[in-house]
Amino acid sequence: YSSAASDVYKRQFLRWMIRKESEVDFGIWKSFNRRDLLIPLDTHVCRVAYLLGLTDTETFSLKNARNITEALAEVFPDDPCLGDFALFGSGVNGVL
């Protein structure tokens, strides 16, 4: 696996363990805050975030993950990663 892919897997795992009140997230790690999560980046999330103007690049980088997470925090301040599924789904389904 590449370093970028490894980062995506780590962020996705943290999302599953920390986020709750979702059908796909376990939410069993109670000592962490959802506000501290960074969005896991994949091709779909990067492309859709770029097209929506949430970031100025489609690169898989920590800087880009922070930029997209900060943009989503304006809409979802308590849980920025809540926007992950919408970005991913829009990309997979060809909405954008």
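A word on the model before going on. It is a predicted model, in which local features need pLDDT of at least 70 and side-chain atom pairs count only at pLDDT 80 or more, while totals for chains, interfaces and linings use all residues. Residues are numbered from 1 along each chain as its sequence is written, and side-chain values use heavy atoms, with hydrogens and water left out.

I will stay with helix 2 for now. Helices here are DSSP runs of H or I with at least four residues, strands are runs of E with at least two, and both are numbered from the N terminus.

The buried residues of helix 2 are Val45, Cys46, Val48 and Ala49. Buried means under 20% relative accessible area, exposed means over 50%, and partly exposed is in between, with a 1.4 Å probe and protein chains only. Helix 3 and helix 4 (84-92) are included in what covers these residues.

Next, the core. A nonpolar core is a set of buried Ala, Val, Leu, Ile, Met, Phe, Trp, Tyr and Cys residues joined through side-chain atoms within 4.5 Å. The largest one has 13 residues, and Ile39, Leu41, Val45, Ile68, Leu72 and Leu87 touch the most other members. Helix 2 and helix 3 (62-75) each supply at least two residues of this core, and helix 2 gives the most, with four residues. Leaving aside residues up to four places away in sequence, Leu72 touches Ile39, Leu54, Pro80, Gly83 and Leu87; contact means heavy atoms within 4.5 Å.

Cys46 counts as buried because its relative accessibility is 1%. Cys81 is buried too, with a relative accessible area of 0%.

Last, Arg19, which sits in the loop between helix 1 (3-18) and helix 2 (43-51). Is Arg19 buried or exposed? Arg19 is buried, because its relative accessible area is 3%. Its side chain makes a polar contact of 2.7 Å with that of Asp79. A polar contact is a pair of N or O atoms within 3.5 Å; within protein, one must be able to donate a hydrogen and the other to accept it, and residues adjacent in sequence count only if both atoms are side-chain atoms.
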